[in-house]
Amino acid sequence: AAPIPSVCGIPLKYVSLVTLAVQNSMLTIIMHYSRVSTPSSRMYSAATAVLMNEVLKGSISLFIAFCRIDSGCASDSRPTRVFTNKLSKLSRDVFGADAWKLSIPAMLYGLYQNNLQYVAASNLPAATFQVSYQMKILTTAAFSVLMLRKKLTSLQWVSLLALAIGVGIVQIQSGVATHHGSSSELSVMNASKGFLAVVAACFTSGLAGVYFEMVLKNSQADLWVRNVQLSLFSLLPCVAHIIFSNSASHAPSTFSASWFSSLFSNFGLWAWATVLVQVLGGLVTAMVIKYSDNILKGFATSLSIVISFLASVALFDFRMTWPFIIGSAVVLNATWMYNQHPQRVRIVTGRDLKI
Ligand code: C5P
């Protein structure tokens, strides 16, 4: 049997799950801070941030894929020969016949990251966003049942219902905060807009995650090659969004040096921090999907609620209310219950699914 990949003796599965939990809390806090603490006249472009995320993530994945690929020239170890062999093998893999499959999650992630996530983070308190976004466990489960033919126990269905109720209770807190909040931060937020964005993001996230899992586990292709393909396809919606977005309309209409510099106007330390944490999240998410599955990924992110809640209290003067405490407890309990009897996922073949 192949050795289980590990870091310092700890299976990669657990390392990636814990890293994802910490990364998720950091992203919620940093993204919220970077958007809400900046006056709208000096706001950095979310479209540029998403583009940078894809460029960096794709480049890192390309580098790892290049290092991992076997040159296939054991008899001739001249560096130039090894380099060109690796390069041609890698380009054959990246532009292989089934590369198009990654266009579907790429478009879904593109839609979610270009718009929904930033709208939600800008219109909801950080912890509320984090808890409401747990509804993606529900959509992920639904898509896993439909696409991976996963079977859920009745306890798991009950816990999914509890999850929806818990998120609803947390929303009471969000409404109270938005209507009665007096700080300048709360006055620029729109809870219903933020909540609608979260619901839509749950659908795109669930579908994209399960689709990526299906493509990954149905083929022998390397994870990092799949990541490069995903990033390449993601560049299309990113660039289209930049060209058509409102922020670009303030910029010169031609592709000049000033057009490029306008893309990065107000792109300060916090914007770069948001991008870097997102890059880390993308890479770790792919590893979690590969070494565990989308359901365990949900468990890791619900753990991050606790971390980001505690940080929100300290950093943003987030006030604890009973609806928030009860709602969060129900959400965490539901997640725990859901993971009590994990079912084996039966990965169906491409022939069954006709993908
Ligand atoms: O919110 P959610 O858990 O769906 O976010 C997953 C994140 O992981 C998205 O930002 C997506 O772009 C990223 N991802 C990635 N590479 C993958 C799978 C997901 O960058 N192979």
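Author: Helices (H or I, at least four residues) and strands (E, at least two) are taken as DSSP runs, numbered from the N terminus. The model discussed here is a predicted one.

Reader: In which loop is the place of C8, a residue other than glycine with a positive phi?
Author: The phi of C8 is near 50 degrees, whereas most residues other than glycine have a negative phi. C8 also counts as exposed, because its relative accessibility is 77% and the cut-off for that class is over 50%. Its place in the chain is the loop between β1 (6–7) and β2 (10–11).

Reader: Is R149, which also has a positive phi, buried, partly exposed or exposed?
Author: R149 has a phi of about 55 degrees although it is not a glycine, and it is found in the loop between α6 (136–147) and α7 (154–180). Its relative accessible area is 36%, and the range between 20% and 50% defines the middle class. R149 is therefore partly exposed.

Reader: What share of the 355 residues in the protein chain is buried, and is S122 buried or exposed?
Author: Across the protein chain, the buried share of the 355 residues is 49%. S122, found in helix α4 (residues 103–123), touches R35, V36 and M189 when residues up to four places away in sequence are not counted. Because its relative accessibility is 19% and the cut-off is under 20%, S122 counts as buried.

Reader: What kind of aromatic pair do F264 and W272 form?
Author: A pair of aromatic rings is described by the distance of the centres and the angle of the planes. For F264 and W272 the centre-to-centre distance is 6.2 Å and the planes are 10 degrees apart. As planes under 30 degrees apart fall in this class, the pair of F264 and W272 is stacked.

Reader: Which kind of pair do F267 and W272 form, given that their planes are at 75 degrees?
Author: The ring centres of F267 and W272 are 4.9 Å apart. F267 is buried, with a relative accessible area of 9%, whereas W272 is partly exposed at 33% relative accessibility. Because the planes stand at 75 degrees and the class begins over 60, the pair of F267 and W272 is edge-to-face.

Reader: Which residues form one aromatic cluster?
Author: F264, partly exposed at 34% relative accessibility, is a member of the cluster, and so is the buried F267.

Reader: How much of the ligand's 470 Å² does the protein bury?
Author: Of the 14 residues that surround the ligand, the closest are K57, Y112, Q113, Y133 and S205. An N or O atom in the side chain of K57 is 2.5 Å from an oxygen atom of the ligand, and for Y133 the corresponding distance to a ligand oxygen atom is 2.6 Å. A polar side-chain atom of N227 lies 2.9 Å from a nitrogen atom of the ligand. Taken alone the ligand exposes 470 Å², and the part that the protein buries is 93%.

Conventions. Residues are numbered from 1 along each chain as its sequence is written. This is a predicted model: local features need pLDDT of at least 70, side-chain atom pairs count only at pLDDT 80 or more; totals for chains, interfaces and linings use all residues. Side-chain values use heavy atoms; hydrogens and water are left out. Buried means under 20% relative accessible area, exposed over 50%, partly exposed in between (1.4 Å probe, protein chains only). Contact means heavy atoms within 4.5 Å. Rings of Phe, Tyr and Trp (its six-membered ring) pair if their centres lie within 6.5 Å; planes under 30 degrees apart count as stacked, over 60 as edge-to-face and the rest as tilted. A residue is near a molecule or strand if one of its heavy atoms lies within 4 Å of it. A polar contact is a pair of N or O atoms within 3.5 Å; within protein, one must be able to donate a hydrogen and the other to accept it, and residues adjacent in sequence count only if both atoms are side-chain atoms. Accessible areas come from the Shrake-Rupley method with a 1.4 Å probe; for residues, only the protein chains shown count as cover.
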